Every structure is written in C-alpha cells, then in structure tokens.
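Trainee: I've got a model open and I'd like to learn how to read it. Can you walk me through it, one feature at a time?

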Amino acid sequence: MTTSAAEYVALDEHWGTHNYHPLPVVIAEGEGAWVTDVEGKRYLDFLAGYSALNFGHRHPALVAAATEQLNRVTLTSRAFHHDQLGLFCRELAELTGTEMVLPMNSGAEAVESAVKLARKWAYQVKGVPDGQAEIVVAGSNFHGRTTTIVSFSTDETARADFGPFTPGFVTVPYGDADALRAAIGPRTAAVLLEPIQGEAGVIVPPEGYLAEARRLCDESGSLLIADEIQSGLARTGKLLALEHENVHADVYTLGKALGGGILPVSAVVGSRAVLGVLRPGEHGSTFGGNPLACAVGRAVVRLLATGEFQQRSAELGAHLHERLAKLVGNGLSAVRGRGLWAGVDIAPGGPTGREASQALAGLGVLCKETHDHTLRLAPPLVIDQDELDRGVEALAEVIGAR
C-alpha cells in the first residue's frame, strides 16, 4: 500500500505526463486555509489554487450545495433544460451587472469562447470583412494553454514546438496606452486584457490604463474583453478588478473561484448585444452549465453577494501589503498587487523562486514561483491576520530578512 510522499511522487513521475513541476508535497486533506499531506504535516496554503480556492478548502456552504445536487442530478447535457441553469445565469448576471451568461468549464474554454464571440460580433455587427478580424492582446499575457491561446502568448515555453499558430492577434506591451492606441484599427474586433496580469508576476498596470483602454474601444467601436479568471471574484478587494478604475467591460471571462474549489466552472458574461450573436449549433460544451456546476456556482454567487469576501480581501490585503513592503530592500526588490494577491521579487543574491518555494514548504507554507525570482502569493480569502503574519514571517526567514 502506498503511504509515503516519496512513493506518491514516484507514481506521478512514472505514470503522469510531465507538464508540471510540482513541489514534492502530497496533499491528502484540506480545510479552510490549511492542507495536510499524506504523512500528517500541515501547511498554510498561500497559493489557493491560483485563485480557484478563494473561499478556502471545503467551504461548508459550497460542500453543502454540491452534496445536495449530487443527490439529485449531476448531468443532463444541454440537449435538455434543467432547474439550475437559468437561475445560475440570472444570478451571475445580476451579480456582475451584465445581461447574458455563457457557461463553460475551464478558464481557457471561457477565453476561447470570448474570442469566437468577438469575431462573430465583428463580422455581423461591426462589419469587419470576413476572415479579417483582429484582437489586440498584451505581451506577457496568460489566458490559457490551448493552441489558439498560445498563439498570442509571448512566453516561449508556452509556444515552442506548438505551431503553426492561429492568426488574427496583434500584441502590444502591457500597460502602454500609446501602443494600444496605435494597434487599434478598423479591423479590430476587441481588446483582450487581464486587469492585473497574474502569471507574469501580479503586474498592476499604470493608473488610468484600463480607463484609457475602455475609451479607445468606445472610440473605435471595438469590444473590451476583461479576463478576470484570476483577478475576479473578490481576489483584489473588489468583485472584479476592473472596478478599481470604475471601468466596465463588454465581456468578462470568469473561472477558477467560480467553481468554489470543487469542480471546474467558467463563464463568459457580458452584454446581450455581444453574447446574443450565438445561435444553436454554433458553440457548445457537453459539461458546460451542468446541474452540479450550476448549483455550486449559485452558492459561490451567494457568498459574493454579501460583500464579505470583497471586504476581507481589501482589509487583509492592506495588512499583507504593509507587511511585505517592509521586506523591500531587506530580501525583496519589489512587491506588487492588490487585495490578497501579491507578486514579490526576490532581491539579487537571494534564493531563486524555486528554492524559496521549497524552503517555505519546509516551514509549512505553500506557494509557488512564477519566473526565476518571483513568488506569487494568493492565500484563500478565509485566512485570518495571524495566519497571514505566519506566512510573511516564513517568507522573511527564507529570504534572509533582518
């Protein structure tokens, strides 16, 4: 019988495809902001499944919703109606201030769906000649790993050996409003942006950039698509990160936390004028909008509708960033982020991001590097201040802060 972490890791390494490079921690249980490995060691989760676990592990309200639905019906396919879909769509649209919802599964599916919607809208509504629609994207983006999405990635690890690539994308530097302005033209269907770039290291754009992107889209008759899969659903202290600049997108992609850490749930939400261009047979998903996903998604919406998690993220995030700022010049070279989300750059001469992640795991704190010397911190929003302090103190120890 397999009992040790080393045995489980060996099984993964032998039988699993090596498309990830995980830390040698084998998690067996989770509750709230904590997980326990197969050997009984507890860890404070400072990653939260890249924002998929915004409400922590096994939030009682979400587990209850899933359990109730498991005892009723889990899948019908979209060949039929079911009693959760319309309610989920209405409640998510009302929460986000939008008019229509397209449920999918993964975040990448949501982005792919938004790309298709933008192109069809461009041909049918804007009048772009067939086959000539362009979508403007930002360098250092991360929107998923499908063939089309990696076609407009600037990360060679994501792109190398996966061509030929899908045309129709124009890439500009993130945060550069002048470059964005120059790239938008009569064939532009949409501008697709992360309000805060997660995989790039929690990069917050210059103040006013997102508002200018909105203005440029209005001026050119193009759509603004906000990828809020990591930044949305209370992670930054607002329901949606665009709200920090009082900006509204035509289309949002949501995912990760929408499934409550229980199952994959994603959605494209936006105006009826855009999502309404789809007709039966043009797009679909066997599992998208299934009863179990909708039941869990509705429970997530109920949690967010109270505003509690937005407030926790804002207040605890302020404390987190205050603590991290004191480490700049003392083991860290920079800190970025909003709410309970931070990218921290380890100063030259310190450990690599991988080394720091491994050392933190040794101290009972889990996070993961992104790029060579950057750590991404995204603790569950159920974490408390003492637990936050524990994580920051462990980081200070690892980077040699004095």
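**Reading the sheet and its surroundings**

Mentor: Let's start with β4: 4 of its 5 residues are buried, so this strand is largely enclosed by the rest of the structure. Buried means under 20% relative accessible area, exposed means over 50%, and partly exposed lies in between (1.4 Å probe, protein chains only). Helices (H or I, at least four residues) and strands (E, at least two) are DSSP runs, numbered from the N terminus.

Trainee: And what should I know about the model itself?

Mentor: This is a predicted model, where local features need pLDDT of at least 70 and side-chain atom pairs count only at pLDDT 80 or more, while totals for chains, interfaces and linings use all residues. Residues are numbered from 1 along each chain as its sequence is written, and side-chain values use heavy atoms, with hydrogens and water left out.

Trainee: In what order do the strands of the open sheet come?

Mentor: The general idea goes like this: strands of a sheet pair through backbone hydrogen bonds, either parallel or antiparallel. Two strands count as paired if DSSP finds at least two bridges between them. Here 7 strands form an open sheet, ordered β4-β10-β9-β8-β7-β5-β6, with mixed pairing. At the edges stand β4 and β6 (169–172), each with a single partner strand, so one side of each has no neighbour in the sheet. From one strand to the next, the twist averages 20 degrees. For such angles, axes are lines fitted to C-alpha atoms, for helices over the stretch in contact, and the angles run from 0 to 180 degrees between N-to-C directions.

Trainee: Which strand does β4 pair with, and over how many bridges?

Mentor: β4 runs antiparallel to β10 (residues 266–270), joined by 5 bridges. V101 stands opposite V269 in β10, and M104 is opposite S266 in that strand.

Trainee: Which strands does helix α5 touch?

Mentor: Contact means heavy atoms within 4.5 Å. Helix α5 (residues 107–126) packs on the sheet and touches β4, β5 (134–138), β6, β7, β8, β9 and β10; its direction makes about 30 degrees with that of β10.

Trainee: What about β8: how many of its residues are buried?

Mentor: 5 of the 5 residues of β8 (residues 223–227) are buried, so the strand is largely enclosed by the rest of the structure. Both faces are covered, with L223, I225 and D227 on one side and L224 and A226 on the other. β8 pairs in the parallel sense with β7 (residues 188–193) over 4 bridges and with β9 (residues 251–254) over 3 bridges. A226 is the bridge partner of L193, and in β9 the bridge partner of A226 is Y252.

Trainee: How many disulfides does the structure hold?

Mentor: A disulfide is a covalent bond between the sulfur atoms of two cysteines. The cut-off is a pair of cysteine sulfur atoms within 2.5 Å, and the structure holds 0 disulfides. C217 is buried at 0% relative accessibility, and C367 is buried at 3%.

Trainee: Last one: is G97 buried or exposed?

Mentor: G97 is exposed, with a relative accessible area of 66%. G97 sits in the loop between α4 (85–96) and β4 (100–104). From G97 to L117 there are 20 residues in sequence and 19 Å in space, C-alpha to C-alpha.
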